[in-house]
Structures are given as C-alpha cells and as structure tokens.
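Hello,

Here is the structure I promised to pass on to you. Have a look at it first, and then read on for what turned up.

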Amino acid sequence: MPRQDSPSRPPPRSNPRRAESAASTPADKARQALAELGLAQDVSVELLQALHILTREGRLNQDSRRKLKQVLHLVQFIEPLIQEAARAMPADGAPPDAGPVLVDHGAGKSYLGFVLYDLVLRPLGRGRVVSVEWRPELIARSQALAQRLGFARMAFLPMAVAEAQNAPELPARVDIVTALHACDSATDDAIAFGLAKRARAMALVPCCQAEVAAHLRMHKALALARTPLAELWRHPLHTRELGSHLTNVMRCLYLEAQGYQVSVTELTGWEHSMKNELIIARYTGHKKRSARQRLEAIAAEMGLQELLALRFPVRNDGGRSL
C-alpha cells in the first residue's frame, strides 16, 4: 500500500508589527515618539533622553509621560508671555542673552527650563533661562547637561528662592518668573522675587501649603467660639484644604493689589496631579485698591493678620513702568 505523504505544514505567518519593530532604528522610534507627543522633529532627542522622556532606544518612557504632559501644557501658557516680552524690547544690536530673561524657581532637575529653552528660546534666537535650585548636586547635573547640549543661554544658581533677590548673578530686572510645584512658602518667595525684579509676568503652580493651615489650627478654638464660619476648618482635613485654597486666594488678591492682571485655571487633568492650580499674572500697572482692602478683610476675618506683614506687605515701587 503506497505511503501517503503527510500534509505539508503551512509556512509560518509573519508578524508585521514585529517586522516593523525590528526594522526600525532608534532614530525612527524617536521621530515616531516626537510625532506622538506633538513635538517638532528638530527637538533635541538627546535632551529628551537625558530627562528620561525617551529611552536609549528612542521609545517613549511611559513613567515620564505624566510629568511631560504637565510641563508641555505649562509651556503653552508661558510661550505667549515670552513672545510678548520679546516684542516689547528692541532686537537690533542686543546680544542674544539680553532678554527676555526667565527665572525658574524651585527648578529641581530644571525639567521646565530645559524644555522651555529647546521649544521656545532656541527657535527665538534670544533670551535666557536661569534655574534656581538649592540642591547643589542637581545644579551640577543640569550645568553638565546644558554644556553637553550647547544650551549656552542657560544658567543655574545653587540657592533657595528667598536668597535669589539679592544674587549678584541676576539682573535688576527680569521678564518672567515661573515656579512649578515650589513647596509651601517658596511660591510666596517667588512672588516676592517677581515684585522686587519688576517682572512682566509670573506663572505659578503652587504645591503643598502648610503655613496658613498652621495659623488656622493655632487659633481654631477661639474662632469656633467667635463665628460659625470656623466650621469650615474644624476638621483637620478641612483645615488643610481650606488653608491651601485660602493661600492661593490671598496670593491672587496680593498680585492684583500690586498691579497685575490675574487669571486662575487648571494646569492639567486631576488624574495627572492633585496640585493643579495655575496662576498667571501679567503686569498692567493698575493697582486695585479694592483687592488690598479685601485681602486685609479676609486676613482679619480668618485671624491671619500676622501673615499680612510677612507674606503680603504693602510695597511702594516708586511708580514702576514696563
């Protein structure tokens, strides 16, 4: 009986995704990641890899995606401020680092400063970024990265926000002040810096805020005996949340009293960060007397008069101008 041939096996099916992945180079993957992020193809891939946004293979690092989304969204708010400042100053004959000058407080790894430089100031061809951070090891890393990338118009100062006002490395006037998640009163120090340096604009994303909550907690028993409004902060969780909200309300009133037009919005969705409040302040020169009056009234009602002189003092700038 003739032997029947066994049926031939079908050839293995090719996996187009695997083949495409094997064929693509790290450069191809990087270009694909830039397109996915909505970034221009001339953005520094080396920078994105140094910031751990892209892997060495050019893939998007999913762990960094949340942080990047916050920073890119903030850049969309800050870029118009930079462009406005650039239009307001003469370009002819001025050195590239003359302005606009942006100072980023509580810079950490200078994530925001590097992205702003690469996406905005590098194409603009002028202006500089100064990152202020108190941890010297982070300053040293950022300096090395900026030198490696050729970002000559970036500078890094190892100091606390409160010390920066008198730093000789900084000019008497800066254009834009930023503070992304500067902890507690560091945001107030950034505001004080902006006022002292006559900043054209400020972009602030406050972080944890314990100072006002501590004052509310200190006088809670007296407040409960005096007014039913103290029920708003009787419970510890409410004390913390109200203290945070109240801090930012007072900051906004203070900026308005100092001649700034203020807007408040969300930075990104709450799924990305609970510290999500973005305060944008543009100097107009119109000092709202009513804002100062309301600030003082709120402080009196909430028992926060001590904070007025410390964080929200009356300032006389001698009739500053843009």
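Leaving aside residues up to four places away in sequence, V103 touches V130, V132, L170, V174, I176, V177, T178 and F193. Please keep in mind that this is a predicted model.

V103 belongs to the largest nonpolar core, which has 48 residues. Along with L170, M202, L204, L255, Y260 and L304, V103 is one of the residues that touch the most other members. Helix α10 (residues 236-257) supplies the largest share of this core, with 8 residues. Apart from it there is another core of 45 residues, and V43, L60, L102 and V205 are among them. As general background, nonpolar side chains in soluble globular proteins tend to be buried together.

Now to the sheet. It is open and built from 7 strands with mixed pairing, and the order to trace on your screen is β3-β2-β1-β4-β5-β7-β6. At the edges you will find β3 (154-158) and β6 (260-266), each of which pairs on one side only. From one strand to the next, the twist averages 15 degrees.

Two of the strands are worth a look together: β4 (residues 176-180) and β5 (residues 201-205) pair in the parallel sense, over 5 bridges. Within this pair, A179 stands opposite L204 of β5, and L204 is also among the core residues listed above with V103.

Which strands does α10 lie across? The helix lies across β5, β6 and β7 (277-283), and α10 runs at about 150 degrees to β6.

Enjoy exploring, and write back with any questions.

Best wishes

Key:
Residues are numbered from 1 along each chain as its sequence is written. This is a predicted model: local features need pLDDT of at least 70, side-chain atom pairs count only at pLDDT 80 or more; totals for chains, interfaces and linings use all residues. Side-chain values use heavy atoms; hydrogens and water are left out. A nonpolar core is a set of buried Ala, Val, Leu, Ile, Met, Phe, Trp, Tyr and Cys residues joined through side-chain atoms within 4.5 Å. Buried means under 20% relative accessible area, exposed over 50%, partly exposed in between (1.4 Å probe, protein chains only). Helices (H or I, at least four residues) and strands (E, at least two) are DSSP runs, numbered from the N terminus. Contact means heavy atoms within 4.5 Å. Two strands pair if DSSP finds at least two bridges between them. Axes are lines fitted to C-alpha atoms, for helices over the stretch in contact, and angles run from 0 to 180 degrees between N-to-C directions.
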